[in-house]
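Colleague: I would like to learn how to read pockets and helix packing in a model. Could we go through them one at a time?

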Amino acid sequence: LGNRLTLLKRHAEALKANHAAVELRSRLVEADAEKYSAGLAHSSYNLAKSQFELKKYPEAAASSRKSKELYELLVAKDPKRFRANYADSLYFLGKNLSLSGKHEEAIQPLKTSIEVRTALALINPDTYNRFLAHSYHSLATCYSKLKKYQEALDPIDFAVELRIKLAKQKADYSLDLADSYDEKGFCHEKL
């Protein structure tokens, strides 16, 4: 229900539905963690998305952290099934920490999301290069916010390189490319 409400841009209602799903699935995990942890990880991620859409970034970071912790356990047991979800939860944790002003804390989950998404992109670049570019761009933005402009250059260069390829395939990606060019220009200007 929460996902459908999100698609309809009814974010406040989606937040309530996703919160209820997390509460319900948390109780189920207490009864049988093996059986219900994947559902709770997914619901926690959806709750974080709803909180993000409502600009409740600290709350979204907390929900993202819960999702990341659950997916971390799940990926250890079944990497093929959960690796992409784990990467998404890492990225979203880093993004929400950064949007909460916790740029230093956001760096490690973003770096780890890059590692995992790089491995996924080697297997299926058409699916994962876009997400890998998001991770690189967000990492560069964190460094930039911390005034570590030199450290921002490598990740923003990777983001630009990936987004050039993506924009050639699909014009919709041009806005992402423009954002990366803006970030790159800003970093060079500050050096």
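Modeller: Let us begin with what the word pocket stands for: a pocket is an open set of grid points, where a 1.4 Å probe fits, with protein on both sides within 12 Å along at least five of seven lines. Please keep in mind that this is a predicted model.

Colleague: What volume does the second largest pocket have, and which residues line the second largest pocket?

Modeller: Rolling a probe the size of a water molecule over the atoms shows where empty space is left. In this model the second largest pocket has a volume of about 180 Å³, and its lining is formed by A33, E34, K35, S37, A38, L70, L73, L74, K77, D78, R81 and F82. Helix 3, helix 4 and helix 5 are the elements that give two or more residues to this lining, with helix 3 giving the most, 5 residues. By class, the lining of the second largest pocket divides into 6 nonpolar, 1 polar and 5 charged residues.

Colleague: How many residues line the largest pocket, and which of them lie nearest its centre?

Modeller: The largest pocket, which holds about 770 Å³ of space, is lined by 28 residues, and F52, Y91, F92, K95 and H134 are the ones nearest its centre. At least two lining residues come from each of helix 3, helix 5, helix 6, helix 7 and helix 9, and the largest share, 8 residues, belongs to helix 7. The lining of the largest pocket comprises 8 nonpolar, 9 polar and 11 charged residues.

Colleague: Now for the helices: at what angle do helix 2 and helix 3 pack?

Modeller: Two packed helices are described by the angle between their axes and the distance between the axes. For helix 2 (residues 11–31) and helix 3 (residues 33–53), the angle is about 160 degrees and the axes are 8 Å apart. Angles over 145 degrees count as roughly antiparallel, so helix 2 is roughly antiparallel to helix 3. Helix 2 passes helix 3 in a left-handed crossing, and the residues in contact include A14, L15 and V22 of helix 2 together with Y36, L40 and L47 of helix 3. This contact has 11 nonpolar, 11 polar and 2 charged residues.

Colleague: How do helix 5 and helix 6 pack, parallel or antiparallel?

Modeller: Helix 5 and helix 6 pack at about 150 degrees, with their axes 8 Å apart, and that angle makes helix 5 roughly antiparallel to helix 6. Their crossing is left-handed. Among the residues that make the contact are A87, Y91 and G94 of helix 5 and P109, V116 and I123 of helix 6, and by class the contact has 14 nonpolar, 5 polar and 5 charged residues.

Notes. Residues are numbered from 1 along each chain as its sequence is written. This is a predicted model: local features need pLDDT of at least 70, side-chain atom pairs count only at pLDDT 80 or more; totals for chains, interfaces and linings use all residues. Side-chain values use heavy atoms; hydrogens and water are left out. Axes are lines fitted to C-alpha atoms, for helices over the stretch in contact, and angles run from 0 to 180 degrees between N-to-C directions. Helices (H or I, at least four residues) and strands (E, at least two) are DSSP runs, numbered from the N terminus. Angles under 35 degrees count as roughly parallel, over 145 as roughly antiparallel, 65 to 115 as roughly perpendicular and the rest as oblique. A crossing is left-handed if the near helix is turned anticlockwise from the far one by less than a right angle, and right-handed if clockwise. Contact means heavy atoms within 4.5 Å. Ala, Val, Leu, Ile, Met, Phe, Trp, Tyr, Cys and Pro count as nonpolar, Asp, Glu, Lys and Arg as charged, and the others, Gly among them, as polar. On a 1 Å grid over the protein atoms alone, a cavity is a set of points where a 1.4 Å probe fits but cannot get out, and a pocket is an open set with protein on both sides within 12 Å along at least five of seven lines; lining residues have an atom within 4 Å of a point. Grid points are joined across faces, edges and corners, and a volume is the space filled by probe spheres set on the points.
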